[in-house]
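Dear colleague,

Please find below the structure that I am handing over to you.

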Amino acid sequence: MTNGFIVSGTDTEIGKTVFSAMLTLALKGVYWKPIQSGLEELSDTETVRRMTGLSLGHFLPEAYRLNTPASPHYSAELDDVEIDVSRLDPAKLEPEIANAPMIIEGAGGLLVPITRELLTIDLFKSWNMPVILCARTSLGTINHSLLSVEALKARDMEIAGIVFIGDENPDNERTITEFAGVTNLGRLPRLPELDAKNLRETFNNHFKLGEFGAFL
């Protein structure tokens, strides 16, 4: 079992990259985005490095960098690339920083296909790591969040908890965590600036380090 967390979301463009940056900074971890789909702008790895200001030793290179911002299976087909799942095994990686927890950010949601035969959630299952689910606070989040938790529980996967992202919505947060029976790890609000100072302050104000440390 690799030491660290899988960070996934209930949807794409949900804010899990910002949360991953914050958690990597808080835990002095090593960030890994196994598959980057879409290279027109900064990659998620480049974005996290810019936000955190951490040195290169805190980052692992992507196994695949695909051009089109689409599901990995389709983006790979457009690039005429065959994804070799054996390259997507964190246990085979050797981070420069020994014993640092690995923060692995998935692409999109849990049921996004990696290949025509493999879903993201089933790849995660093979890693045997706790999952942090990032969920919106806005309308529609209850359905998406509970379905995602159901999928994780159906595969008997360890859920560290849910991180809510967006404006405060106490009833949505309460409803999801009570029905899902999982821990509310905290809420990541909208930040005026995405830099190391704001990420550290937000983590200290909205999260408890011990709730993450319990899984490491």
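In E8, Ile-162 is the bridge partner of Leu-133. This is a predicted model, in which local features need pLDDT of at least 70 and side-chain atom pairs count only at pLDDT 80 or more, while totals for chains, interfaces and linings use all residues. Residues are numbered from 1 along each chain as its sequence is written, and side-chain values use heavy atoms, with hydrogens and water left out.

Strand E7 (residues 131–136) and strand E8 (residues 159–165) run parallel and are joined by six bridges. Helices (H or I, at least four residues) and strands (E, at least two) are DSSP runs numbered from the N terminus, and two strands pair if DSSP finds at least two bridges between them. The open sheet has seven strands with parallel pairing, in the order E4-E2-E6-E1-E7-E8-E9. Strand E4 (59–60) and strand E9 (184–188) each have a single partner strand, so one side of each is left without a neighbour in the sheet.

Two helices lie across strands of this sheet, in contact with them (heavy atoms within 4.5 Å). Helix H4 (residues 120–127) lies across strand E1 (4–9) and strand E6 (102–109), at about 160° to E6. Helix H6 (residues 170–180) lies across E8 and E9, at about 165° to E8. Axes are lines fitted to C-alpha atoms, for helices over the stretch in contact, and angles run from 0 to 180 degrees between N-to-C directions.

The axes of helix H5 (residues 141–154) and H6 come within 10 Å and cross at roughly 25°. H5 is therefore roughly parallel to H6 (angles under 35 degrees). Residues of this contact include Leu-146 and Val-149 of H5, and Ile-176 and Phe-179 of H6.

In H6, Asn-172, Glu-173, Thr-175, Ile-176, Thr-177 and Ala-180 are buried (under 20% relative accessible area, with a 1.4 Å probe and protein chains only; exposed means over 50%). Their cover includes H5, E8 and E9. Just after H6, Gly-181 has a positive phi of about 70°.

With kind regards

How values were computed
Parallel < 35°, antiparallel > 145°, perpendicular 65-115°, else oblique.
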